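Visitor: I should like to go through the terms applied to this structure and the grounds for each. Please show it first.

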Amino acid sequence: MGKGKTSDQANAASEESRDNDAFCTYTSLFECTMATGQLFSRTTQALFYNYKQLPIQRMLDFDFLCGRETPSVAGIISPGAEGFQKLFFGQEEIAIPVHSTIEAACAAHPTADVFINFASFRSAAASSVAALKQPTIRVVAIIAEGVPESDTKQLIAYARANNKVVIGPATVGGIQAGAFKIGDTAGTIDNVIQCKLYRPGSVGFVSKSGGMSNELYNTIARVTDGIYEGIAIGGDVFPGSTLSDHVLRFNNIPQVKMMVVLGELGGRDEYSLVEAIKQGKVNKPVVAWVSGTCARLFKSEVQFGHAGAKSGGEMESAQAKNQALRDAGAVVPTSYEAFEDAIKETFEKLVEEGKITPVKEVKPPQIPEDLNIAIKSGKVRAPTHIISTISDDRGEEPCYAGVPMSSIVEQGYGVGDVISLLWFKRSLPRYCTQFIEICIMLCADHGPCVSGAHNTIVTARAGKDLVSSLVSGLLTIGPRFGGAIDDAARYFKDAYDKGLSPYEFVESMKKKGIRVPGIGHRIKRGDNRDKRVELLQRFARTHFPSVKYMEYAVEVETYTLSKANNLVLNVDGAIGSLFLDLLAGSGMFSKPEIDEIVDIGYLNGLFVLARSIGLIGHTFDQKRLKQPLYRHPWEDVLYTK
C-alpha cells in the first residue's frame with residue numbers, strides 16, 4: 001500500500017474526526033458565558049421540586065448547623081398537591097408551603113432563586129425548562145440520571161442564552177460551606193461536621209462525581225482549612241455546567257484561594273480547563289487529577305459508572321488529560337494516592353506566602369436528634385400516646401388478639417370468631433360465636449319504618465353519601481331505640497343476683513319511675529310473640545350450658561303480661577339476658593369482667609354492628625331507586641298553637 005494510510009489508521013482518523021466534531025457541537029452550546037462569581041450565600045433560598053423528606057431535612061439541618069436565620073427551603077412543588085409539609089429547623093417544627101405548580105411557587109416566593117429538581121429522568125427536563133423560564137430562578141440543579149441527551153442540550157442552550165446556571169443532570173448538587181447546600185450534598189450531618197462544611201474555608205472544589213465529592217471534602221478538610229464552595233457537575237455526557245465554568249467562577253471569588261478539580265476519563269471537558277489555564281484566565285493554583293488511569297489495563301473499552309465515564313479515544317483517556325493539565329500549569333500528582341499530598345503542599349505554600357490565613361475553627365451547634373433515632377439508639381425513652389391490646393399490624397401479617405390473619409382464614413373463622421377476638425380478646429367456644437352471628441342476622445334490619453331506618457332513608461334521599469346516611473341512622477340508637485340491651489342485661493343481672501322475685505323487681509322499678517328495659521313492644525303481644533326472641537331462646541336452650549338469666553327474664557315477662565298484653569320480652573331483653581348466660585356459662589369470664597362488659601356497652605355494640613348492615617342496605621336501596629328529596633306530608637302534622 002506504499003505510503004498510504006492503512007485501514008486501521010483510516011478508521012482511527014475517522015474516529016478522531018467524529019470526536020472533534022462532537023466536541024465542537026457540544027462546546028457550541030456554551031458560546032454565552034455562564035454566570036460568574038458566587039452562586040449561593042447565607043440568605044439563598046430554594047424551591048424543591050418533587051417532595052423528598054430526607055434531603056429537605058438535611059438541608060434544614062445544615063442551615064441550623066451554619067447558624068442561618070431563615071430556612072434555605074422556601075417552598076415545595078408537588079404537582080397536583082397543595083398545603084404544607086412539617087419539618088424541623090433546629091428544635092423548632094416549621095410548616096413549609098406546598099404548591100401545585102412551578103409558576104405558583106415562584107410567584108409566592110420571589111426571592112427563592114435556586115430550583116432543586118428531584119423529578120425522575122422522564123420529567124426532569126420539562127420541569128427544569130419550566131423553572132428556567134421563570135424570571136426569579138437563577139440556578140437549576142437536576143438530580144436525575146439518564147435525562148435524554150437531546151433534552152439536556154436544549155435546556156443547557158436555553159440556560160446559557162439567558163445567563164442561568166444548570167448543575168447536573170446526574171448530580172448530587174453543590175454546597176457553599178457555612179451558607180447553603182443542595183439536597184443530599186455531603187451526605188449526613190455527621191459527615192458535614194467531619195468535613196468542616198459548617199463554616200467556609202479557602203478551597204474551591206469541582207468534580208464530576210457526587211460520591212467522590214464526599215471523599216474529597218473529607219480529604220480537603222484534613223489537609224487545608226476546608227471547602228469554600230464545592231460543586232458536582234454530574235456524570236452524564238452533557239453536563240449543564242463544566243469543570244472550567246466553575247473554576248473560572250472560583251477564580252472570581254476573593255475568598256477562594258486555590259482550586260481542586262477531580263475529573264474522569266471520557267469526554268473533553270477537562271480540555272476547556274486546560275485552555276483557560278493556558279490563556280491566563282485562571283490565576284490561582286489548581287490541583288487536579290483525572291481518574292480512570294486503570295482503563296488501559298483492560299483490553300476492551302470499559303464503562304466506569306457514569307454515562308460520560310467512557311474513553312472514546314486517546315484524547316479522552318485519563319493519562320492524556322492529566323498530562324495536558326500538567327503541561328498547562330496545574331498541579332497534577334503522579335497518582336490518586338498522591339492527590340492528598342499535592343493539595344496539602346499547595347495549601348501550605350499559600351499559607352507560607354501569606355496568601356491564605358487559615359480560618360479559625362468554630363464549634364458548630366448540636367443538631368437535635370430525631371426522637372425515633374434516639375429511641376432506637378437507647379438514648380431516650382418516650383411515653384406512647386396510644387395503647388392497643390386487640391390487634392397488631394407490625395409483623396408480616398396483622399394479628400387479632402395474637403391470632404395471625406392467615407390462621408383466621410385457614411381455620412375457617414367466621415364473623416363471630418373475629419368479634420370474639422377483637423371485642424373479648426379470646427377465642428370463644430363455637431356455640432358462643434354462633435350466637436353472636438345469630439344476633440347480628442336477627443337485628444340487621446327491622447323494616448323502613450323504625451326511626452334509624454327512617455333517618456337513613458331521608459338522608460340518602462337528600463343526596464348525602466353513604467357514611468352520612470349511615471351515621472344519621474345510627475345516631476337514633478339509644479334508650480328508646482335499640483339501645484336497651486345493656487340496660488336490660490344490667491337490671492336483669494342485678495335483680496337475679498340479689499335474689500329478687502319478678503314481682504319485687506318489677507314493682508321496685510315502678511317505684512323508681514323506670515320502665516323495665518327489655519320488656520314491651522309496640523306491635524308484638526302475648527299471643528303474637530316476636531319470632532326473633534323465640535329463635536334465640538330455642539338456640540340457647542339447645543347449646544348453652546346454663547340459661548338462668550334467660551329463665552329469670554321469662555319469669556319477669558310472665559308477671560308483666562299479667563299487667564298488659566304488650567309487655568312481652570322483646571329482642572333487646574332476650575339478647576341482654578342470654579348474653580349474661582353466655583358470659584357466665586362459658587367459664588371464660590370472671591365476675592368483674594362480666595360487670596365491666598355490661599357497663600362499657602358491649603351488648604349495645606352488637607345492635608349497632610348488626611343494624612349498620614340494614615342501614616347501609618336502605619341507603620343503597622334509595623339510591624338505586626333514585627328516590628327524590630323526602631318531604632313530610634302536611635296531613636301527617638298536627639299544627640296547633
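**Terms and their grounds**

Guide: Lys591 and Asp595 lie four residues apart in helix α23 (residues 591–600), so about one helical turn separates them. Helices here are DSSP runs (H or I, at least four residues), numbered from the N terminus. This is a predicted model, in which local features need pLDDT of at least 70 and side-chain atom pairs count only at pLDDT 80 or more, while totals for chains, interfaces and linings use all residues. Residues are numbered from 1 along each chain as its sequence is written, and side-chain values use heavy atoms, with hydrogens and water left out.

Visitor: What makes the contact of Lys591 with Asp595 a salt bridge?

Guide: The term requires a side-chain nitrogen of Lys or Arg within 4 Å of a carboxyl oxygen of Asp or Glu. The closest N and O atoms of Lys591 and Asp595 are 3.3 Å apart, and the pair therefore qualifies. Lys591 and Asp595 also belong to a network of salt bridges with Lys493 and Asp497.

Visitor: Why is Lys591 called exposed?

Guide: Exposed means over 50% relative accessible area, buried under 20%, and partly exposed in between (1.4 Å probe, protein chains only). Lys591 has 52% relative accessibility and therefore counts as exposed. Asp595, with 26%, is partly exposed.

Visitor: How do you know that Lys321 and Glu270 form a salt bridge, and are these residues buried or exposed?

Guide: Their closest N and O atoms are 2.7 Å apart, so the pair meets the criterion. It links distant parts of the chain, with Lys321 in helix α10 (residues 318–328) and Glu270 in helix α9 (residues 269–278), 51 residues apart. Lys321 has a relative accessible area of 0% and is therefore buried; Glu270, at 2%, is buried as well. A search of the whole structure finds 30 salt bridges.

Visitor: How do you know that the length of helix α15 agrees with expectation?

Guide: The expected span is 1.5 Å times one less than the number of residues. For the 14 residues of α15 (residues 430–443) this gives 20 Å, and the end C-alpha atoms are 20 Å apart, so the values agree.

Notes
Helices (H or I, at least four residues) and strands (E, at least two) are DSSP runs, numbered from the N terminus.
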